[in-house]
Amino acid sequence: MSVKRGSVKAETWLIAGGRPETIAGEPLNVPLTPASTFTHGSERLYARDDSTPNWEAFESVVGGLEGGEAVAFSSGMAACAAVLNQLPSGARLVLGDDCYQGVAGIAEEGARTRGWQVERLPATDERWRDRAMSADMLWLESPSNPLLEVADLAQICSATRRKGTRIVVDNTFATPLLQRPLELGADVVVHSATKLIGGHSDLLMGVAVTADGNELRRLRHARGLFGATPGTLECFLALRGARTLALRLERAQASARKLAQSLSEHPAVLRVRYPGFGTIISFELADAGTADRACGAVRLIRHATSLGGVESSMERRSALPGQEHIPAGLIRFSVGCEDAEDIWSDLAAAL
Ligand code: PLP
């Protein structure tokens, strides 16, 4: 008998979920199944349409955590595109003004080629609630990226809505251990599983989760039709990474709290943005040149893009196209699982 999600805490589900039935002599983990096609005679015929045991194991863990059914994709962007591209021509989309630049790119493309009317609002803006009565889709990222503004998801997701308005939350930064938007009334949650869920900077994957049957069918259909399917090895690695998500998050978050404090007391730091939870800190130095020099001087912390790995990493975000709205000297710092004092020694020396 396998463990049921409802009978255990999220931290336990991460470890106990997505496993094969307990059978003497069989492995504890779903073995790697590199297969595109399966012998006729069962419901599983072709991987792109019918998935593989490795996708299913990963989906069962993430779906159970978020409180819905998960659909795994080849990247976070593929998951975001599968949700956004359901919007018809002329649709009204409201998007955070500090959301992941790739998602903003899909919205811009939709505005150009399909006449989407796109409005950008700060995560903390009061108008999100009203927009639930007029927009076709609200796309929230909270905490936002990289300014780490926190939206009042409970308020927005429970606002009175026009029939058909869908609320989507990118939960990459918070993870389902810190925030479960479906429970608050969101329709879909998306993740870049590349980040904290995978946790080791060794794969690209995305996942969309919903508790709505029609939405689930649309997501599976989009994946099968457009073919943004996850790799079998990636699913295996992402699930293996997810097993330790609770441990990694607990440690990195505890370090992030200390580091945010140390940074706020450092004379070279103009401003620290840390929402009080999670593993990402954004801090501002005097200007782009100062920030670049700090990024070039770290040794233990990796100067790299992305976030959510066991290894601490940082980069100057305004160096990226589409990030012109953020202060030039802002560094996004992803706190990893190394010893907090070692991380601080490295950072303080670089500052
Ligand atoms: N959403 C957020 C919040 C992200 O930070 C990213 C990537 O950085 C994505 C989505 C896109 O994910 P991926 O890089 O896995 O395609």
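**View 1. The side chains of glutamate 59 and arginine 223 form a polar contact at 2.8 Å.** A polar contact is a pair of N or O atoms within 3.5 Å; within protein, one must be able to donate a hydrogen and the other to accept it, and residues adjacent in sequence count only if both atoms are side-chain atoms. The model is predicted, so local features need pLDDT of at least 70 and side-chain atom pairs count only at pLDDT 80 or more, whereas totals for chains, interfaces and linings use all residues. Residues are numbered from 1 along each chain as its sequence is written, and side-chain values use heavy atoms, with hydrogens and water left out. Glutamate 59 is found in helix H3, where helices (H or I, at least four residues) and strands (E, at least two) are DSSP runs numbered from the N terminus. With a relative accessible area of 9%, glutamate 59 is buried; buried means under 20% relative accessible area, exposed over 50% and partly exposed in between, with a 1.4 Å probe and protein chains only. Not counting residues up to four places away in sequence, glutamate 59 touches Gly64, Ala70, Val71, Ala72 and Arg223, a contact being heavy atoms within 4.5 Å.

**View 2. The largest nonpolar core has 29 residues.** Such a core is a set of buried Ala, Val, Leu, Ile, Met, Phe, Trp, Tyr and Cys residues joined through side-chain atoms within 4.5 Å. The residues with the most contacts inside this core are Leu14, Phe58, Val62, Leu177, Met205 and Val209. Its largest share, 6 residues, comes from H3. Domain 1 (5-242) and domain 2 (245-350) both give residues to this core, so it lies between them; the domain bounds come from an automatic or database domain assignment. Valine 62 touches Ala70, Ile197, Val207 and Val209, not counting residues up to four places away in sequence.

**View 3. Domain 1 and domain 2 meet through 26 residues of domain 1 that are in contact with 29 residues of domain 2.** The centres of domain 1 and domain 2, taken over C-alpha atoms, are separated by 26 Å.

**View 4. Helix H4 (residues 76-84) is largely enclosed by the rest of the structure, because 7 of its 9 residues are buried.** These buried residues are Gly76, Ala78, Ala79, Cys80, Ala82, Val83 and Leu84.

**View 5. The loop between strand S4 (137-141) and helix H7 (153-157) holds proline 143, proline 146 and leucine 148.** The peptide bond from serine 142 to proline 143 is cis, with omega near -5°, and a cis peptide bond with omega about 10° joins asparagine 145 and proline 146. Leucine 148 has a phi near 60°, a positive value in a residue other than glycine, and at 7% relative accessibility leucine 148 counts as buried. Most residues other than glycine have a negative phi, and most peptide bonds are trans.
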